Amino acid sequence: MEVLFIYIFIFVLALLVGVFIGKLIAKNTSEKVISELEFNNKHLLNEDTSNKLIISNLTKDKTDVLEAKHAIDLKLSDKVSEIKYLEVKLNENKAEVEKLQEKFTKDFEILANRILEEKSTTFTKQNK
């Protein structure tokens with residue numbers, strides 16, 4: 001019976017040592033997994049913060065670009081209006097110049113005819 005008791009005692013002792021070693025291994029493994037998860041969590045949080053910062057910067061850049069585009073559109077609109085106004089003024093000036101040319105041409109013809117008549121009259125008087 002003593003041998004059986006010794007075997008049971010050794011068996012129980014080995015079982016307890018096995019359970020203790022199993023718990024140590026499980027605890028070590030779980031701590032390792034927890035450590036890796038915490039590291040991954042911190043990395044993801046840092047990455048998330050970095051991504052939020054990038055998104056914030058991109059949003060600001062987009063806003064700046066849209067504001068610049070709006071300002072350029074306004075300038076373009078002003079310049080187009082100015083060009084149209086200048087084209088109208090140019091056409092008015094061209095028409096005025098043409099009218100003046102016609103007037104000067106008529107005035108020149110009248111003056112030339114008058115001088116010609118005067119000279120003809122003078123020439124005729126001198127010939128008589």
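**Figure 1. The whole chain of the predicted model.** A compact globule of 128 residues would have a radius of gyration near 14 Å, whereas the chain in this predicted model has 54 Å. Along the principal axes, the C-alpha atoms fill a box of roughly 185 × 20 × 15 Å. The chain holds one helix and zero strands. That helix, α1, covers residues 2-127. Of the 128 residues, 0% count as buried.

**Figure 2. Surface and charges of the chain.** The accessible surface of the chain comes to about 12,400 Å². Carbon and sulfur atoms account for 66% of this surface. The chain carries 20 positive and 21 negative charges.

**Figure 3. A nonpolar patch on the surface of the chain.** Which residues form the nonpolar patch? The patch is made of I6, F9, I10, L13, V17, F20, I21, L24 and I25. Together these residues have about 860 Å² of accessible area. Two members of the patch, L13 and F20, are described in the next view.

**Figure 4. L13 and F20 in helix α1.** L13 lies in helix α1, and F20 has its place in helix α1 as well. Are these side chains buried or exposed? L13 counts as partly exposed because its relative accessibility is 43%. F20 has a relative accessible area of 52%, so F20 is exposed. The cut-off for exposed is over 50%. L13 and K79 are 66 residues apart in sequence, and their C-alpha atoms are 97 Å apart in space.

Figure 5. Side chains of opposite charge can pair when their charged atoms come close. How many salt bridges does the structure hold? The structure holds six salt bridges, and one of them joins the side chains of K60 and D64. The N to O distance in this pair is 3.2 Å. K60 and D64 are separated by about one helical turn because they are four residues apart in helix α1. K60 counts as exposed, because its relative accessibility is 52%. D64, at 35% relative accessibility, counts as partly exposed.

**Figure 6. The salt bridge between K69 and D73.** Here D73 forms a salt bridge with K69, and the closest N and O atoms are 2.9 Å apart. Where do the two residues lie? Both D73 and K69 are in helix α1, four residues apart, or about one turn of the helix. With 35% relative accessibility, D73 counts as partly exposed. K69 has a relative accessible area of 46% and is therefore partly exposed.

**Figure 7. The salt bridge between K89 and E92.** K89 and E92 form a salt bridge in which the closest N and O atoms are 4.0 Å apart. What separates the two residues along the helix? K89 and E92 are three residues apart in helix α1, so about one helical turn lies between them. K89 counts as partly exposed because its relative accessibility is 35%. E92 is partly exposed, with a relative accessible area of 42%.

Conventions. Residues are numbered from 1 along each chain as its sequence is written. This is a predicted model: local features need pLDDT of at least 70, side-chain atom pairs count only at pLDDT 80 or more; totals for chains, interfaces and linings use all residues. Side-chain values use heavy atoms; hydrogens and water are left out. Buried means under 20% relative accessible area, exposed over 50%, partly exposed in between (1.4 Å probe, protein chains only). Patches are made of residues with over 30% relative accessible area and no salt bridge: like charges are joined within 9 Å, nonpolar side chains (Val, Leu, Ile, Met, Phe, Trp, Tyr) within 5 Å. Accessible areas come from the Shrake-Rupley method with a 1.4 Å probe; for residues, only the protein chains shown count as cover. The radius of gyration is taken over C-alpha atoms; the globule rule is 2.2 Å times the number of residues to the power 0.38. Lys and Arg count as positive and Asp and Glu as negative; His and the chain ends are not counted. The place of a charge is taken as NZ of Lys, CZ of Arg, CG of Asp or CD of Glu.
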